[in-house]
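Subject: Structure handover

Hello,

Here is the structure for you to look through. Please open it first, then read my notes below.

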Amino acid sequence: MMTKKLGFGFMRLPLADKNDQSNVDSGQVNKMVDLFMARGFTYFDTAYMYHNYKSETILRESLVKRFPRDSFTVATKMPTMFLKGTEYHERLFNEQLEKSGVDYFDYYLLHALNSKNYVTAQQLGTFGYVARKKTEGKIRKTGFSYHDNPELLDRILTEHPEVDFVQLQINYLDWENQGIQSRHCYETAVKHGKPVAVMEPVKGGMLAELPGKATALLKSVHPDWSTASWAIRFAASCKGVMMVLSGMSSVGQLDENTSSMENFVPLTQEELTVLWKAVDIINESTAIPCTACRYCVEGCPEKIPIPAYFALYNTEKRSESSGFSTQQLYYNNYILSNGKASDCIGCGHCETCCPQHLPVTRYLKDVTAIFEKNA
């Protein structure tokens, strides 16, 4: 029997106290797990730091203690951002086994690899540690989650062909986004023959609430499909995608997503054409009308990747989210090896060569206000 492609992400669970991420509504979580399993879905994704470091424990109580071990699969992640020495590997891994209540992990990932965390993993031999745990039977499949550029992804997969899969951010709005480059990262994984697990298919809920014109367009084609289901179907339709993760926050969301994915059929070319029209409508409300021609990048004395920052800014402004921001994560990655928006010295080079005649230096101040407010 083919594994159903929807995975349950334990990162946006319903809360009993909205001000306390560790205080989840356990009754509702149990109902969600029960419905998920009853409909034949089996993949659960968690991580060390989700829900204030309680997610793995919540998974133990709601899933592991209540269902036979061979009826579900668990994915969790080595927190590369917390590694300070080789001794952290064993301590963290054993802690995760205990918190999750399992003897082995079906899928184990190095968490959030980027230019900085990859250096750490290389220096500490983290890939080798995980490979040994696989040999010992404590891990069935190894991989890593990734939030960075396709060039680094290509390098990692070239240097570590032993990994079984990769986890990427893929959704139709980020597919051609110059800051996130979903399509290029996806194509890089496919080139290396690695199955892909998808995260953020609904972009943190953003693609569940679209502009009215975009919603009307999608409804005109499939009145019974939710806008969120279009997003999940898009990700699942990509060849080589083994699983699409959704961080569901209510029984209603889980009911909707599992209903749409129970008998999944990939999107047709006609449906994809409609979806790209919806993307155009969404982008009409774009805050900065940058075309990403990159003329402004060459010659920037501070080496600021201006189009990438504008793409992240536009997405952030559309999301209007007060919670976790994926765009912030990508911005933090960029500034590790590029100039910050606030590094702009106002030389005006970018504005003299911009075909759109944009007030680039002013927009960079807007980017600074959004992504460097806690700096």
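**A loop residue: Ala208**

Ala208 sits in the loop between strand 7 (196–199) and helix 9 (212–221). Helices (H or I, at least four residues) and strands (E, at least two) are DSSP runs, numbered from the N terminus. Before going on, note that this is a predicted model: local features need pLDDT of at least 70, side-chain atom pairs count only at pLDDT 80 or more, and totals for chains, interfaces and linings use all residues. Residues are numbered from 1 along each chain as its sequence is written, and side-chain values use heavy atoms, with hydrogens and water left out.

(Buried means under 20% relative accessible area, exposed over 50%, partly exposed in between, with a 1.4 Å probe and protein chains only.) Leaving out residues up to four places away in sequence, Ala208 touches Val202, Thr227 and Ala228. Contact here means heavy atoms within 4.5 Å. Gly85 is 123 residues from Ala208 along the chain, and their C-alpha atoms are separated by 41 Å.

**Two buried residues**

Gln96 lies in helix 4 (residues 87–100). Gln96 counts as buried because its relative accessibility is 0%. Which side chain does the side chain of Gln96 make a polar contact with? That of Tyr108, at 2.6 Å. (A polar contact is a pair of N or O atoms within 3.5 Å; within protein, one must be able to donate a hydrogen and the other to accept it, and residues adjacent in sequence count only if both atoms are side-chain atoms.) Beyond four places in sequence, the contacts of Gln96 include Tyr48, Glu56, Met78 and Phe105.

Tyr313 is in helix 13 (residues 306–319). At 7% relative accessibility, Tyr313 is buried. Tyr313 and Phe371 are 58 residues apart in sequence, yet 8.3 Å apart in space, C-alpha to C-alpha. They also touch. Other residues that Tyr313 touches include Ala287, Ile288 and Asp366.

**A helix pair**

Now look at helix 1 (residues 26–38) and helix 3 (residues 55–64). Their axes come within 9 Å and cross at roughly 55 degrees. That makes helix 1 oblique to helix 3. (Angles under 35 degrees count as roughly parallel, over 145 as roughly antiparallel, 65 to 115 as roughly perpendicular and the rest as oblique.) Val29, Asn30, Val33 and Met37 in helix 1 meet Ile58, Ser62 and Leu63 in helix 3. Of the residues in this contact, 5 are nonpolar, 2 polar and none charged.

Best wishes

Terms used. Axes are lines fitted to C-alpha atoms, for helices over the stretch in contact, and angles run from 0 to 180 degrees between N-to-C directions. Ala, Val, Leu, Ile, Met, Phe, Trp, Tyr, Cys and Pro count as nonpolar, Asp, Glu, Lys and Arg as charged, and the others, Gly among them, as polar.
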